[in-house]
Amino acid sequence: MNILFISNNGIEDAAFGGAKASRRNYELLRGHGDVDVIAIQKRSNGASMVSLLQGYFPPSGKKDLERIGKMLDEKSYDLVFFDGSHFGNLVKYVKDRGRKVMCFCHNCEYDYIQVRFGTGSSLKKSLYQKVIGVQEKLALQSADCSLVFTRRDAERMEKLYGVPQPHILPLSLEDVYEKREARAGERICLLFGPLGQANEEAFEWFVEKVSPTLECKTRIAGKGFEIRRKDWESHKVEVQGFVEDIAQLYADAACVAIPLLSGGGMKIKTAEALMFGKYIFGTDEAFVGYDLEYEKIGGKCNSAQEFSEKINQFLLSEKSSFHDHSRKIYEANYSLGASEDAFARILSELV
């Protein structure tokens, strides 16, 4: 097959959650043919406003439509895969050109605006939500096939836009696990993820409400969190910020906490922690879309008291920092190989 893959996430340098999911989609497609890529780059605030006024959701715009049209003229594509549900105008354009179109929805983007901009009101937030609502509905109505990570998003999109429920293809990750020995030192509870509204809200809550009660140090790592070092660091909390060697980061952690209070889709960090064989303590939001026996991989915690009690109980048990059960769950259900058969079945119905 000749496949055109369109994304605004960088698949070559998948350093954050959304890009890792995009990389998964790209690798699945490569198993079915030759894949050309159109990377839609992030634009300035001014260019983003122009996109919005033209009826596109940033960073896509009219120039991207022209670029796609040129590629469709030059090559006969059997499938055009849109890596995101915010490309409504582009999806309709490709469909009107007679190509088969698949659309992957990382989130219900209409709802995710609340996570991205917070619960307050602003003109910018209102404008973004209005445009994404139009674009997401158009993408789902125009695509031949749409996919989501979770049943929650599938049901929400059916209700919100009056479209058939998308196929559910749970998150999976390329296996980058490397066996490392933990370095000597104080036991660590790891919070890992890039700076952003949902992570910052969650990590701040954890630092204030949970870290002081733990029988270990909390380590916060992730691109951008360097800016919170002065605010959060103490004898109980270490803010590491960007980390190059994530294999060693996970090896040094006794356990991982994912205290998300809001969000959308499936959480990359949950699958990543499973991949690195960690005990995981997370909220309901951290585990959305995952089929897990929580007490076997760590525990579900929705209050400061639950986090404190379950993590301290784990620490007192003196269990190994590598949890073979978590690693096996990743291999069976959330590795790239685990997605291949399901994706192939969906694709066979389309082309």
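The questions below take up the terms one at a time.

User: What kind of model is this, and how are its residues numbered?
Analyst: This is a predicted model, in which local features need pLDDT of at least 70 and side-chain atom pairs count only at pLDDT 80 or more, while totals for chains, interfaces and linings use all residues. Residues are numbered from 1 along each chain as its sequence is written, and side-chain values use heavy atoms, with hydrogens and water left out.

User: Why is N199 called buried?
Analyst: Buried means under 20% relative accessible area, exposed means over 50%, and partly exposed is in between, with a 1.4 Å probe and protein chains only. N199 has a relative accessible area of 15%, so N199 is buried. N199 belongs to helix 8, residues 197-209; helices here are DSSP runs of H or I with at least four residues, strands are runs of E with at least two, and both are numbered from the N terminus.

User: Which residues does N199 touch?
Analyst: Contact means heavy atoms within 4.5 Å. Not counting residues up to four places away in sequence, N199 touches G193, P194, F225 and L260.

User: How do you know whether D36 is buried, partly exposed or exposed?
Analyst: D36 has 22% relative accessibility, so D36 counts as partly exposed. D36 sits in strand 2, residues 34-39. Leaving aside neighbours within four places in sequence, D36 is in contact with I3, L4, F5, M71, K75 and Y77.

User: What about Y77: buried or exposed?
Analyst: Y77 is at 5% relative accessibility and therefore counts as buried. Y77 is in the loop between helix 3 and strand 3 (79-83). With neighbours within four places in sequence left aside, the contacts of Y77 include D36, M71 and R99.

User: Why is E155 put in its accessibility class?
Analyst: The relative accessible area of E155 is 41%, so E155 is partly exposed. E155 lies in helix 7, residues 151-161. From E155 to P166 the C-alpha distance is 8.4 Å, and the two are 11 residues apart in sequence.

User: What makes helix 11 mostly covered?
Analyst: Eight of its eight residues are buried.

User: How do you know how helix 8 is oriented against helix 13?
Analyst: Axes are lines fitted to C-alpha atoms, for helices over the stretch in contact, and angles run from 0 to 180 degrees between N-to-C directions. Helix 8 and helix 13 (residues 304-317) pack at about 70 degrees, with their axes 10 Å apart. Helix 8 is therefore roughly perpendicular to helix 13, as angles under 35 degrees count as roughly parallel, over 145 as roughly antiparallel, 65 to 115 as roughly perpendicular and the rest as oblique.

User: Which residues make that contact of helix 8 and helix 13, and how do they divide?
Analyst: Helix 8 contributes W205, F206 and K209, and helix 13 contributes A304, F307 and I311. These divide into five nonpolar, no polar and one charged. Ala, Val, Leu, Ile, Met, Phe, Trp, Tyr, Cys and Pro count as nonpolar, Asp, Glu, Lys and Arg as charged, and the others, Gly among them, as polar.

User: Why is helix 2 described as it is relative to helix 6?
Analyst: Helix 2 and helix 6 (residues 123-142) pack at an angle of about 50 degrees, with axes 10 Å apart. Helix 2 is therefore oblique to helix 6. In this pair, S48, M49 and L52 of helix 2 meet L127, Y128 and V131 of helix 6.

User: What is the largest nonpolar core?
Analyst: A nonpolar core is a set of buried Ala, Val, Leu, Ile, Met, Phe, Trp, Tyr and Cys residues joined through side-chain atoms within 4.5 Å. The largest has 76 residues, and those with the most contacts inside it are M102, L171, C189, F206, L274 and I311. A second, separate core of 28 residues includes M71, V94, V148 and M157.

User: What is the phi of E318, and is E318 buried or exposed?
Analyst: E318 has a positive phi of about 55 degrees although it is not a glycine. Most residues other than glycine have a negative phi. At 67% relative accessibility, E318 counts as exposed.
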